[in-house]
Amino acid sequence: MMVQLLLSFLLPWLIGLSLVILCFRESFLEHFILKVFLGLGLGVGITSSLYFFFSLVFDPSRSSYFLVEGLVLVSILILTICDQSTRKHSKIFPARLSTQQIILMVFMAVCFIISLWTAADVFSKYTIIEPHGRYDAWAIWNYRARFIYRGGVHWLDAISPLQFHPDYPLLTPLSISRAWLFMNDEVQKAVILLAGLFTFGSIGLISAAIGKIKSLSHGMLAGLLLAGTGMYIYNGAILFADVPQSFFVLSAVVMAYIAITESTGKPGLAILAGLSAGYAGWVKNEGLMFFAVAAVVTLAVYLISIKNKNKPFVWNYLAGMALPLLTVLYFKAILSPQNDLINPGNLSTIFEKIIESQRYEVLAREGLSYLLAFGGWSAPVIIILVVFAVIAYSSPLPQKKVGVRAVILMVLFQAAGYIIIYLITPFDLTLHIRQSILRLIIHIYPAFLFVLFLLMKTPEQILSPLFPALFLEKEESG
Amino acid sequence: MLFRNLVLLAAFVTLLIYATWNALAYRNRMVGGADTSDAGNDMVSTWDRRMRKMLPDLPDHGVVGYLADWDIPGYAYGHTDQTVEYLLSQYALPPLTLQRGANYPIIIGNFSDTGDKEKIPAILEHFNLRIVKEHTNEIFILEADTE
């Protein structure tokens, strides 16, 4: 069964990986780990869209759906293989390392592996003890997956107005149902595997992205910190959709940075950036706001700041967004009713809430207390990270500044959007904050880590004044 | 300059060790003594197994009513328990949509067994229902008694 379970996610991964390799337009071995993790999330996103439209036309219980996936995979694979045959497979391994570099790498790797092991242990034990997860998992996400899998032609009952929050996007329920269809059985381990893929996929993605952009040891430090943030791992293990949401936010931020800073001659990077941002809007409603934030910031920063514009960038970005945008629009405009959070009444009510000073006091008090409690460390993890980033600040290279500016704005605007939602919420403000803020922090935490790590000196840069042999050519910051 | 470099080095080493230590501490605190020998007998799995046995006897889709202790006039019940059981029953029974109330062609009855032999007949009489199938001594499939 385990093999069948793994195979159920192999097709999405291969689709995502092939597309990422195709879009990067370089030897597939270069930055392969980054491509593996990007491909994983994007593949799950793409197949959720395919399964969604297939289910609308036919019904979700037909295993002939996998022919569609197979066709898509073969098409992308052919394009990728053709493209790869023209690529020169350059040397991908770094130059010979000095003894100090090896010692640093080993030390970082040991800490990273310990952190990863604790994360794996927490995740596996929680999912053994509570295989159906906590409340949101079984009352919303898995509940909906069961409707889709069991419902046949009546699968849209999953989002009928009689259901609780019928407007919630369907990426996770569809992906779970799709895995069950592949296995021809409702195996709870598929739900756990999907949660694990996103939880450990986020760790892998941030490590690989920082590893590509800055240095391998810096990437390991970023991954270590994410794996070591117990609350993040716990949220993944209880099978909520917040960790998958955070994966797509991170993926969109990473790809926006790479696309803005490296898009010359690689138009596919903008496609991947658009695709990642789009799928951030197909996991949870909060992601819809990020979808808009990411698109506006990426395109605005690119158009305003880049002097030698690569004209197709905007079109490629929009083309990348097309499939997730179509999926979300069809779902939101035609199938599901209005979001209860952004239907608080008339404009004067919203205005009254915005100018009410007491709401700001409540928000500041509650927000700060949860921000300090976040992480599961013995001290506030976010404060520690910000202090370290200030101490180890390193100004980005001029050619990277635009990319850094874009990703900072994305994280800040998303956080600001959450604050505005709280200000105008139709529910009791204190209760609403208490019930949701930790999960909202989780959405942007990996992306926040990514931004901090872009602004920090790498371990090599920190150690190089004391051990000059550590200085690497790859360093990007001044 | 040397002082700044040393501060930076100290901060880096501290962060690295502190982060690793916290990861270990969180693991020990949260699952260090976790007992996984009872796997599969958690509340959700147990309720799920119990309720989903009814699926073959129910319609293949649509809305089904749900009655429980909280619907019995004057009956003492724990609100949280009743809510959790209702939500867990909903989770077990897709593609059926469970709605509270007796005004549906088919109704699921979930009544705690208190040893009172008059309890179920009184409920049936009050709501004008009859038992279609008794799944356990607490779980029933009911329908309107038209006779």
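One term before the numbers. Buried area here is the accessible area, taken with a 1.4 Å probe, that two parts lose on being put together, summed over both. And keep in mind that this is a predicted model.

So, the interface. Chain B and chain A bury about 4500 Å² between them. Carbon and sulfur atoms account for 72% of that. On the chain B side, the residues that lose the most area to chain A are B:Phe12, B:Leu15 and B:Tyr91. Together they make up 16% of what that side buries. In residue terms, the contact takes 52 residues from chain A and 47 residues from chain B.

Next, the polar part. Between chain B and chain A we count 15 residue pairs in polar contact, both partners at pLDDT 80 or more. The salt bridge count between the two chains is three. Here is one of them: B:Arg52 and A:Glu186 meet through their side chains, 3.3 Å from N to O.

Which elements of chain B give two or more residues to the side that touches chain A? There are helices α1 (2-31), α2 (43-52) and α3 (79-92). There are also strands β1 (62-68) and β2 (96-100). The top contributor is α1(B), with 22 residues. By residue class, that side of chain B divides into 29 nonpolar, 11 polar and seven charged.

Now the backbone. A quick reminder: most peptide bonds are trans, and most residues other than glycine have a negative phi. We have exceptions to show on both counts.

Start in chain B. The peptide bond joining B:Pro94 and B:Pro95 is cis, with omega about 10 degrees. B:Pro95 sits in the loop between α3 and β2 of chain B.

Now chain A. A:Arg25 has a positive phi, near 50 degrees, and is not a glycine. This residue is in the loop between α2 (10-24) and α3 (32-57) of chain A. A:His165 has a positive phi as well, near 50 degrees. Its place is the loop between α6 (135-151) and α7 (171-183) of chain A.

Are these two residues buried or exposed, or partly exposed? A:Arg25 has a relative accessible area of 37%, so this residue is partly exposed. A:His165 comes out at 17%, so this one counts as buried. The cut-off for buried is under 20%.

That's the tour. Over to you for questions.

Key
Residues are numbered from 1 along each chain as its sequence is written. Chains are lettered from A and ligands numbered from 1 in the order in which they are written. This is a predicted model: local features need pLDDT of at least 70, side-chain atom pairs count only at pLDDT 80 or more; totals for chains, interfaces and linings use all residues. Side-chain values use heavy atoms; hydrogens and water are left out. Contact means heavy atoms within 4.5 Å. A salt bridge is a side-chain nitrogen of Lys or Arg within 4 Å of a carboxyl oxygen of Asp or Glu. A polar contact is a pair of N or O atoms within 3.5 Å; within protein, one must be able to donate a hydrogen and the other to accept it, and residues adjacent in sequence count only if both atoms are side-chain atoms. Helices (H or I, at least four residues) and strands (E, at least two) are DSSP runs, numbered from the N terminus. Ala, Val, Leu, Ile, Met, Phe, Trp, Tyr, Cys and Pro count as nonpolar, Asp, Glu, Lys and Arg as charged, and the others, Gly among them, as polar. Buried means under 20% relative accessible area, exposed over 50%, partly exposed in between (1.4 Å probe, protein chains only).
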